[in-house]
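This report covers salt bridges, strand pairing, aromatic contacts and one surface patch. Sequence and structure come first.

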Amino acid sequence: MTVRIRQKSEYQGDDWWRWSVWIEGASRELDDIEKVVYTLHPTFANPVRTINDRASKFSLRSFGWGEFDIFAQVFQRDGSSQKLQHSLELFYPNNKRSEK
């Protein structure tokens, strides 16, 4: 299996971002996934979140103010699983940090 975590983020102002992560891979590989359990930074409410929506590529959407490592366990329909890790990166518009 050659799936990986991908991300997108959008700066909202005041040092806050909306972001999403999802599982990227060949369509056949995604079809074989039953669910993905994401583990976020412990400061999040409900930091362990289970996603089973194949149509969204097992997308998780959230918001926050800082970068951190996201861990995911990808559970296959055959009972096997794979662990993935992704460092969430958040960028200011034009790569410029906001001035306060």
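Asp31 is partly exposed, with a relative accessible area of 40%. In this predicted model, the side chain of Asp31 forms a salt bridge with that of Arg54, at 2.9 Å from N to O. The pair links distant parts of the chain: Asp31 sits in helix H1 (residues 27-31), Arg54 in the loop between S4 and S5, 23 residues apart. Arg54 also counts as partly exposed, at 24% relative accessibility.

How many salt bridges does the structure hold? There are two. Lys57 and Glu24 meet through their side chains in a salt bridge of 3.0 Å, N to O. Lys57 belongs to the loop between S4 and strand S5 (60-64), and Glu24 to strand S2, so this pair ties together parts that are 33 residues apart in sequence. Lys57 is partly exposed at 27% relative accessibility. Glu24 is partly exposed as well, with a relative accessible area of 23%. As a general point, side chains of opposite charge can pair when their charged atoms come close.

Next, the sheet. Four strands form an open sheet in the order S4-S3-S6-S7, with antiparallel pairing. S4 and strand S7 (81-87) stand at the edges. Each has a single partner strand, so one side of each is left without a neighbour in the sheet. On average, neighbouring strands are turned by 20° against each other, direction ignored.

| Strand pair | Bridges | Sense | Residues opposite each other |
| S3 and S6 | six | antiparallel | Tyr38 and Ala72 |
| S6 and S7 | seven | antiparallel | Gln73 and Lys83 |

Strand S3 spans residues 33-39 and strand S6 residues 69-76.

Aromatic contacts come next. The count comes to seven aromatic pairs. The ring centres of Tyr11 and Tyr92 are 5.1 Å apart and the planes stand at 55°, so this pair is tilted. Tilted pairs fall between the two cut-offs: under 30 degrees counts as stacked, over 60 as edge-to-face. Tyr11 lies in strand S1 (residues 4-13) and Tyr92 in the segment after S7, so the contact ties together parts 81 residues apart in sequence. Tyr11 is partly exposed at 22% relative accessibility. Tyr92 counts as buried, at 11%.

Why is the pair of Trp19 and Phe68 edge-to-face? The planes of the two rings are at 70°, with the centres 5.9 Å apart, so the pair is edge-to-face. This pair, too, links distant parts of the chain: Trp19 is in strand S2 and Phe68 in the loop between S5 and S6, 49 residues apart. Trp19 is buried, with a relative accessible area of 3%. Phe68 counts as buried at 10% relative accessibility.

Tyr11 and Tyr92 also belong to an aromatic cluster, together with Trp17.

Last, the surface. Trp16, Phe63 and Trp65 make a nonpolar surface patch of about 390 Å². Trp16 lies in strand S2, which spans residues 16-24. Is Trp16 buried or partly exposed? Trp16 has a relative accessible area of 37% and is partly exposed.

Conventions
Residues numbered from 1 in each chain as written. Predicted model: local features only at pLDDT ≥ 70, side-chain atom pairs only at ≥ 80, totals over all residues. Heavy atoms only, no water. Patch = residues over 30% accessible without salt bridge, like charges linked within 9 Å, V, L, I, M, F, W, Y side chains within 5 Å. Areas by Shrake-Rupley, 256 points an atom, 1.4 Å probe, with all protein chains shown as cover. Salt bridge = Lys/Arg side-chain N within 4 Å of Asp/Glu carboxyl O. Helix = DSSP H or I, 4+ residues; strand = E, 2+ residues; numbered from the N terminus. Buried < 20%, exposed > 50% of the residue type's maximum accessible area, 1.4 Å probe, protein only. Pairing = 2+ DSSP bridges. Axes fitted to C-alpha atoms, helices over the stretch in contact; angles between N-to-C directions. Phe/Tyr/Trp six-rings, centres within 6.5 Å; stacked < 30°, edge-to-face > 60°.
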